[in-house]
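Trainee: Could we go through this fold together, one piece at a time?
Mentor: Gladly; ask whatever comes to mind.

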Amino acid sequence: MGGVSVGVLDHFNIRTRNLAETVRFYEDVLGLEKGARPNFAFPGAWMYSEGKAVVHLVDISATAEPQKPDSGVVHHVAFVSRGFDGMKRRLASKDMKFESRQVPGGDLWQIFVNDPNGVMIELNFEAAREQGAAPAEKADDIGRQ
């Protein structure tokens, strides 16, 4: 298309009635940092990973907007991650239900966990850069109903 590109994903936005719990999940469970946010006329938070605001949260608790039970037609949001075993230990220490698996072929290890709003988060780890035992290889679709 002659120099035209959509580029890479910048961030995703969650509209929540549970702002404090959601911030806590992204900070305490996934290790993101709450950081600077423009002075919008509505409350919320921006969550940073490696200096980039990758999760934008909007507090809808003062509105009549209903809380959606999950992420709708968007099935999950994925991050390129590192420290597979450390993340599994972190999730277990916080009593978070998660699933780990290996993509068929073995190049990618994954962890799936849901945030307090029902948004499925996929963490992808390049197998060649990770230590420890590989998770089981699975070819099925995670989260399929």
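Trainee: Which residue is the bridge partner of F98 in β7?
Mentor: The bridge partner of F98 in β7 is V113, and E99 stands opposite F112 in that strand. Strands here are DSSP runs of E with at least two residues, helices are runs of H or I with at least four, and both are numbered from the N terminus.

Trainee: Before we go on, what kind of model is it, and how is it treated?
Mentor: This is a predicted model, in which local features need pLDDT of at least 70 and side-chain atom pairs count only at pLDDT 80 or more, while totals for chains, interfaces and linings use all residues. Residues are numbered from 1 along each chain as its sequence is written, and side-chain values use heavy atoms, with hydrogens and water left out.

Trainee: Back to β6 and β7, then: in which sense do they pair?
Mentor: They pair in the antiparallel sense over five bridges, where pairing requires that DSSP finds at least two bridges between two strands. Five residues lie between the strands of this hairpin, and G105 takes a positive phi near 105°.

Trainee: What sheet do they sit in, and what are its edges?
Mentor: They belong to an open sheet of four strands in the order β5-β8-β7-β6, with mixed pairing. The edge strands are β5 and β6 (98-102), each of which pairs on one side only, and the twist averages 20° from one strand to the next. Helix α2 packs on the sheet, touching β6, β7 and β8 (contact means heavy atoms within 4.5 Å), and its direction makes about 20° with that of β7. That angle is taken between N-to-C directions on a scale from 0 to 180 degrees, with axes as lines fitted to C-alpha atoms, for helices over the stretch in contact.

Trainee: And the other four strands, what order are they in?
Mentor: They form an open sheet in the order β1-β4-β3-β2, and the pairing is mixed. Its edge strands are β1 (12-16) and β2 (33-35), each pairing on one side only, and the twist averages 30° from one strand to the next. Within it, six bridges join β3 (residues 44-49) to β4 (residues 52-59), which run antiparallel, and G44 stands opposite V58 in β4. Helix α1 (residues 19-29) lies across β1, β2, β3 and β4, running at about 5° to β3.

Trainee: Switching topic, how many aromatic pairs are there, and why is F84 with W109 edge-to-face?
Mentor: The structure holds seven aromatic pairs, meaning rings of Phe, Tyr and Trp (its six-membered ring) with centres within 6.5 Å, where planes under 30 degrees apart count as stacked, over 60 as edge-to-face and the rest as tilted. The rings of F84 and W109 have centres 5.1 Å apart and planes at 65°, so that pair is edge-to-face. Because F84 lies in helix α2 and W109 in strand β7 (residues 108-114), the pair ties together parts that are 25 residues apart in sequence.

Trainee: Last one: which elements line the largest pocket?
Mentor: At least two residues each come from β3, β4, β5 (76-81), α2 (84-93) and β8 (120-126), and the largest share, five residues, comes from β5. The lining divides into 14 nonpolar, seven polar and nine charged residues, where Ala, Val, Leu, Ile, Met, Phe, Trp, Tyr, Cys and Pro count as nonpolar, Asp, Glu, Lys and Arg as charged, and the others, Gly among them, as polar. A pocket here is an open set of points on a 1 Å grid over the protein atoms alone, where a 1.4 Å probe fits, with protein on both sides within 12 Å along at least five of seven lines, and lining residues have an atom within 4 Å of a point.
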